[in-house]
Amino acid sequence: MLLRKVARTPALCHSVLRLTPAIAGSQRPLESSLLIHNGRFYAGQATQAVLEKQAASTDSATKATAESKAAAQESKSFAVNMFKGQISTAQVFPFPSVMTEEQAQFLRELVGPVSRFFEEVNDPMKNDALEKVEDTTMEGLKEMGAFGLQVPTDLGGLGLTNTQYARLVEIVGMHDLAVGITLGAHQSIGFKGILLFGNQQQKEKYLPKLATGETIAAFCLTEPASGSDAASIRTTAERSACGQYYTLNGGKIWISNGGLAEIFTVFAKTPVTDESTGETKDKITAFIVERGFGGVTHGPSEQKMGIKASNTAEVHFEEVRVPAANVLGEVGGGFKVAMNILNNGRFGMAAALSGTMKGVIAKAVDHAANRTQFGNKIHNFGAIQEKVARMAMLQYVAESMAFMISANMDMGASEFQIEAAISKIFASEAAWTVADECIQVMGGMGYMKDAGVERVMRDLRIFRIFEGTNDILRLFVALNGFQNAGSQLKGLQRALKNPLGNAGFLASEISKRARRKAGMGTGLSLQGTVHPDLAESGDLLVGAVEQFGGVVEELLLKHGKKIVDEQFVLKRVADSAIDLYGMVVVLSRASRSLSQGHASAQHERMLCETWCFEAHQRIMQDTRTLKDSSTKKIFKNLRAISTAVVENGGTVSPHPLGF
């Protein structure tokens with residue numbers, strides 16, 4: 001009966017689906033990889049490409065049917081689908097186990113020596129005081145192969161998978177984040193572009209020496225006028241008349257390993273001519289640059305708040321002749337190169353910071369278990385118990401995210417950009433909270449330098465800033481999600497032009513929205529997927545995804561392409577997305593532990609239950625806020641308050657004493 005109604009009355013579909021012209025029309029394909037550092041470029045281009053209003057090019061039944069089928073081909077990414085109010089379990093259940101027995105054994109053989117090295121050889125406090133990594137530590141790391149963890153074995157590296165890499169990075173993060181930055185700036189971003197985009201000649205030429213640490217690499221993107229807005233970089237590369245080389249001129253700032261590196265991945269503007277139109281535009285191109293080319297200099301090491309042992313410096317390029325053979329990827333394809341480098345490295349940051357959290361939790365617990373106050377060990381007091389429990393919960397979520405994503409990457413997943421950004425945001429903020437609470441548990445002792453936590457706090461602060469500020473990454477998470485939800489709605493609208501040919505598809509969508517509007521479930525379920533002991537937590541996730549998907553659709557229909565300007569809204573959408581992804585990774589991990597009868601299974605069940613309950617509450621609050629009419633007034637007030645403070649050059653209110 002419903003199918004016949006759909007076929008006869010497309011108006012019914014419109015009334016239930018509430019599709020508006022804001023989503024209408026055929027649209028050009030959207031690049032899935034847009035540079036995170038480039039917040040304004042991403043926001044403008046991505047949203048325009050997804051949401052801009054265009055006239056439909058055709059209403060033929062054949063095309064409408066084909067497009068609706070394409071829309072129905074769901075991504076396997078959990079994060080992509082949650083924005084549509086859907087659940088895809090392919091990449092998240094069961095918690096992936098991707099290593100072969102041989103890989104697992106090799107990793108076990110590495111974990112012990114690496115842990116002992118950082119416990120017995122590396123001295124993080126001395127590194128911090130010297131503002132450099134000690135030479136003995138650097139040489140030891142090179143001997144262990146730590147500078148080429150993921151370089152293929154035939155090119156001199158250890159050839160580790162992403163999961164193996166994450167496990168070792170976690171150990172480094174537990175002991176010394178400054179050493180972690182030195183290693184990460186070298187291989188996670190410094191020469192990662194050669195691994196991902198280099199041709200065979202480039203790989204054979206550069207990777208062997210980079211893998212041994214004989215040469216150090218650095219990633220050069222940020223400039224004085226371009227931080228998050230990478231499209232505004234001014235470094236240029238002019239191609240010679242003979243076409244054999246480019247002349248590179250410009251300067252980069254805050255470059256990790258900038259004073260140590262011999263090999264640089266450099267991003268510069270190059271004139272690119274469109275062969276079809278003859279139009280020439282400046283586009284960003286990535287280059288492999290050797291210090292030995294001449295004209296490459298660096299400034300003194302920057303005086304930083306934290307990660308003092310890592311080298312950070314300005315790097316300058318003056319009339320540097322770069323062979324055309326050193327273009328990395330395609331000419332004009334630098335955004336794609338940079339985005340993929342950053343996306344591929346973010347899971348490592350979550351892994352490292354989950355290790356940092358383990359380290360500071362151990363310090364807090366040691367103090368709480370031995371400190372006596374009021375005749376009792378302080379770990380018996382509820383206030384301390386809540387702190388320790390929440391610290392453990394944050395670490396569990398971050399670690400689950402890191403190893404879920406690394407496993408997805410090892411399985412060949414192509415869509416993990418949203419998940420990777422979420423993991424970076426969450427882990428960097430969770431680690432800061434955990435370190436802060438560790439100091440609180442330890443009291444005055446935690447504030448003392450000898451305790452070692454103040455160094456960790458200083459080191460941690462940068463992680464919310466570099467490799468994409470958390471503010472920009474929240475926009476990325478939300479706008480990427482809106483992109484996919486918008487594509488789904490476009491497919492629905494096109495299907496409406498041929499309701500007879502798309503009757504089943506439309507009936508399903510109408511039913512889902514009608515049930516959601518009535519406050520009923522849309523039919524999603526995780527029964528049989530999560531462990532029975534976590535069924536209630538699974539139901540909370542399902543309800544949260546349904547609610548979230550409905551709000552995303554409402555916002556998309558309300559704002560259309562102007563959603564890009566609604567950053568107050570985007571932040572809250574991103575916060576809910578982060579909580580949702582946290583829910584699914586802990587549900588998956590705890591379910592595996594329960595199913596396999598791990599000794600820690602019941603402990604993990606409690607971590608999971610507590611996280612899911614509180615995350616669900618936060619999501620419900622955020623979605624209610626986004627629906628509440630009074631929220632618009634709050635956002636308006638916030639905007640006006642900020643404007644007044646900026647115009648006044650500081651706070652506006654007079655002192656309560658009047659002078």
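**Exercise 1.** Which residues does Ser310 touch, not counting residues up to four places away in sequence?

*Solution.* This is a predicted model, where local features need pLDDT of at least 70, side-chain atom pairs count only at pLDDT 80 or more, and totals for chains, interfaces and linings use all residues. Residues are numbered from 1 along each chain as its sequence is written, and side-chain values use heavy atoms, leaving out hydrogens and water.

Step 1. Find Ser310 in the loop between strand S6 (296–298) and strand S7 (312–323). Helices (H or I, at least four residues) and strands (E, at least two) are DSSP runs, numbered from the N terminus.

Step 2. List the contacts (heavy atoms within 4.5 Å). Ser310 touches Ala178, Ile181, Thr182, Ser301 and Lys304.

Step 3. Look at the side chain. The side chain of Ser310 reaches the backbone oxygen of Ile307 at 2.6 Å.

**Exercise 2.** Is Ser310 buried or exposed?

*Solution.* Apply the cut-offs: buried is under 20% relative accessible area, exposed is over 50%, and partly exposed is in between (1.4 Å probe, protein chains only). Ser310 has a relative accessible area of 1%, so Ser310 is buried.

**Exercise 3.** Describe how strands S2 and S3 pair.

*Solution.* Step 1. Check the rule: two strands pair if DSSP finds at least two bridges between them.

Step 2. Count. S2 (residues 236–239) and S3 (residues 245–256) have four bridges, in the antiparallel sense.

Step 3. Pick a facing pair. Opposite Glu238 stands Thr247 in S3.

Step 4. Inspect the turn. Five residues separate S2 and S3 in this hairpin. Gly243 in the turn has a positive phi of about 80°.

Terms used
Polar contact = N/O pair within 3.5 Å; in protein donor to acceptor, adjacent residues only side chain to side chain.
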